[in-house]
Amino acid sequence: MSDDRKINELTEAAGRKRIYSAIQPSGQLTLGNYLGALRNFPKLQDEYDCVYCIANMHSLTVRQDPELLRERIYNLLALYLACGLDPEKNVLYLQSQVHEHAELSWILNCYTYIGELSRMTQFKDKSAKHADNINAGLFTYPVLMAADILLYQSDFVPIGRDQKQHLEIARDVADRFNKLYGKTFVVPEPLISKQGARIMSLQEPDKKMSKSDTNAGNFILITEAPETILKKFKKAVTDSEAEVRYDEENKPGVSNLINIYGAVKELTTEQVEETFRGARYGEFKMAVGQAVAETLAPVREKYEALVQDRAYLDKVLAEGREKATVIAAATLRDVYEKVGFVV
Ligand code: TYM
């Protein structure tokens, strides 16, 4: 047994399960990213061994302005910290600074089928949206994501619902590899919160709230000023009824607002309906806007201070890179041995 394999077994023996997740720095993060993923990260840091990545290599699947991408990497790190992630307790690192991601991704490409990748709805959506740039990276995107997760022997992956299909590929590939070569990867499980899992656009509630949306009225940014947040919620699309009732199919706008309020206030759908029984839509929308603005205000304040401090952010990245590399290198070495490379 190699020393690296032993390191991974020792980590497992320490008894703490590992959490892994990543976010792309391809835009300013939205309330969807916050409620679907980010907000859940700090809650896990005391009980689990957590690794959070800035997935900048994934961002290249869509054209990026280099200077802006670099800036957004720092912005995302500042946001991780502003949300309460302690760099002493969590590994916070940049994907491209740990070269094992690219290397394992190549190996896993050889264990993933074209048919599996062709079924990915995100690939279909993104190729429709970027018809002039349907590059190979866009197609093999889930393989890189599988490499991210599997390198760290991750037990649980907190994500929004849109990433569930990608996680299934990671599970299938891990399973396939383990069957061929003996236990190499932990097969990861998704962690998907109930209400924040799929936050929809405020103006077009039949599509997901997305940081790459061109209409700013559709999304709320985590770092947005409270007045803007309130204004956007005031304008959110509802329906011609006047009842705060959950019905995703017939009342997608109102249902989305119920989900947002429930996620922010940690209430069930029924409790939200009860709270706003008899309320007018105007009142309801203001209450949701206020709840969101109040939740995001402290995050924004911390973010604004942290993002100025490049020296500190660089230090966090350097430490994260070192810690991440220890784990990733151990897994990659084991994989190289298993497939028959000379290591
Ligand atoms: P990304 O950067 O698009 O989104 C980051 C996280 O936010 C969640 N999310 C949402 N949740 C609820 N409602 C929404 N409207 C919404 N929009 C986004 C996403 O589900 C995600 O959890 N491929 C990933 C990044 C990634 C990754 C990984 C994730 C790369 N490697 C390994 C987990 C593990 C992505 O593009 O997420």
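Reader: Where does the model come from, and what are the cut-offs?

Author: It's a predicted model: local features need pLDDT of at least 70, side-chain atom pairs count only at pLDDT 80 or more, and totals for chains, interfaces and linings use all residues. Residues are numbered from 1 along each chain as its sequence is written, and side-chain values use heavy atoms, with hydrogens and water left out.

Reader: How many helices and strands does the protein have?

Author: There are 15 helices and five strands; these are DSSP runs numbered from the N terminus, helices being H or I with at least four residues and strands E with at least two.

Reader: And what share of the residues is buried?

Author: Buried residues make up 53% of the 343. Buried means under 20% relative accessible area, exposed is over 50%, and partly exposed is in between (1.4 Å probe, protein chains only).

Reader: Which residues have the most contacts inside the largest nonpolar core?

Author: L38, Y80, F233, I260 and V292, in a core of 64 residues. A nonpolar core is a set of buried Ala, Val, Leu, Ile, Met, Phe, Trp, Tyr and Cys residues joined through side-chain atoms within 4.5 Å. Helix α14 (residues 281-306) gives the most to this core, 11 residues. At least three residues come from each of domain 1 (3-197 + 310-339) and domain 2 (216-303), with bounds from an automatic or database domain assignment.

Reader: What's V292 in contact with, skipping neighbours within four places in sequence?

Author: L31, I220, I229, F233, I260 and V264, where contact means heavy atoms within 4.5 Å. Another core, of 38 residues, lies apart from that one and includes L108 and A328.

Reader: Is C83 buried or exposed?

Author: C83 counts as buried, because its relative accessibility is 14%.

Reader: Last one: where's D334?

Author: In helix α15 (residues 310-339). D334 is at 5% relative accessibility, so it counts as buried.
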